[in-house]
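I opened this notebook to keep track of what I looked up, one topic at a time. The entries follow the order in which I went through the structure.

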Amino acid sequence: EHWTNVSVWKNGPDKGRVRSVQFFMFKTVEEIPFEIQYLTAAEEIIIYSNANHFLRSLSTGEHITKLTNLKRLTIGAYGLTSLHENFANLKNLEYLRLDSNNFQEIPDVINETNFPNLRALELNTNRRFTIADLSNNTRKNIGGFEDEESIPMRLLTWNNLDSLRLSMNYLHGTLPSDEQMREIVTARWTD
């Protein structure tokens with residue numbers, strides 16, 4: 001209870017167990033360690049700042065998907081390019097932040113059906129590049145939602161999602177027309 005970046009439950013059946021924890025500034029080339037699965041009483045986990053994250057191509061791994069009590073999850077600057085297939089087990093999430101990773105598209109698992117309680121989604125700065133040839137500064141694998149359909153309509157029509165942040169990405173494609181946006185807004189306000 002006296003560790004920096006750790007808080008524990010003060011009362012209730014989980015008294016003394018980890019309520020929230022933050023992991024910062026580490027160097028790994030692997031998915032999130034298996035030990036994370038033992039933080040079953042946690043409602044918030046922050047994992048941020050893996051060295052050289054822009055060079056990594058990592059998945060979350062399955063272990064974090066066992067923490068079904070999580071309400072707030074941040075995995076930032078880790079080097080993620082994918083989420084584990086069981087990521088949808090985190091149905092109680094209200095806040096999901098996946099900033100500064102290496103996604104080339106918004107993972108399909110992130111949708112209203114899988115995350116009915118999600119209110120805020122942050123996917124800022126998902127871009128990277130690898131220098132292939134230093135003599136002419138040729139870049140490849142720049143990442144950053146490069147698909148033509150980089151902002152799926154499912155994010156814009158998500159009823160419970162109050163906050164969506166996609167700043168500082170290499171977004172491509174077209175935005176919905178004024179008429180489509182009016183339909184989206186009207187549908188949200190009449191539901």
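Entry on His84. I started with His84, which lies in the loop between β6 (80–82) and β7, in what I note at the outset is a predicted model. Is His84 buried or exposed? With a relative accessible area of 18%, His84 is buried, because the cut-off for that class is under 20%. I then asked which residues His84 touches once its neighbours within four places in sequence are left aside. The contacts that remain are with Ser59, Thr60, Gly61, Glu62 and Thr65.

Entry on Lys66. I next looked up Lys66, which I found in the loop between β4 (58–59) and β5 (72–76). Its relative accessible area is 43%, and I therefore recorded Lys66 as partly exposed. I also checked the distance from Lys66 to Gln37: the two are 29 residues apart in sequence, while their C-alpha atoms are 6.0 Å apart in space.

Entry on the overall make-up. Stepping back to the whole protein, I counted 2 helices and 11 strands, and I wrote their order along the sequence as β-β-β-β-β-β-β-β-β-β-α-β-α. Of the 191 residues in the protein, 38% are buried. I also took the contacts between residues at least 6 apart in sequence, and of these 60% join residues at least 24 apart.

Entry on the sheet. I traced an open sheet of 7 strands with mixed pairing, whose order is β1-β2-β3-β5-β7-β8-β11. Its edge strands are β1 (6–8) and β11 (163–165), each of which pairs on one side only. On average, and with direction ignored, neighbouring strands of this sheet are turned by 5° against each other. I went through some of the pairings in turn:
- β1 and β2 (residues 18–26) pair in the antiparallel sense over 3 bridges, and here Val6 stands opposite Val21 in β2.
- β2 and β3 (residues 44–50) run parallel and are joined by 6 bridges, with Ile45 in β3 as the bridge partner of Val21.
- β7 (residues 95–97) and β8 (residues 120–122) also run parallel, joined by 3 bridges, and Tyr95 has Ala120 in β8 as its bridge partner.

Entry on backbone angles. I looked up two residues with positive phi that are not glycine, and began with Met25, whose phi is near 55°. Met25 lies in strand β2, and its relative accessible area of 72% means that I class Met25 as exposed. The other is Asn52, where phi is positive at about 55° although the residue is not a glycine. Asn52 has its place in the loop between β3 and β4, and with a relative accessibility of 37% Asn52 counts as partly exposed.

Entry on a pocket. Last, I turned to the second largest pocket, for which the volume is about 200 Å³. Which residues line the second largest pocket? I listed Phe23, Phe26, Thr28, Ile32, Pro33, Glu35, Ile36, Ile47 and Tyr78. Sorted by class, this lining has 7 nonpolar, 1 polar and 1 charged residues.

How values were computed:
Residues numbered from 1 in each chain as written. Predicted model: local features only at pLDDT ≥ 70, side-chain atom pairs only at ≥ 80, totals over all residues. Heavy atoms only, no water. Pairing = 2+ DSSP bridges. Helix = DSSP H or I, 4+ residues; strand = E, 2+ residues; numbered from the N terminus. Axes fitted to C-alpha atoms, helices over the stretch in contact; angles between N-to-C directions. Buried < 20%, exposed > 50% of the residue type's maximum accessible area, 1.4 Å probe, protein only. Contact = heavy atoms within 4.5 Å. 1 Å grid on protein atoms, 1.4 Å probe; cavity = no way out; pocket = protein on both sides within 12 Å on 5 of 7 lines; lining within 4 Å. Points joined across faces, edges and corners; volume = space filled by probe spheres on them. Nonpolar A, V, L, I, M, F, W, Y, C, P; charged D, E, K, R; others polar.
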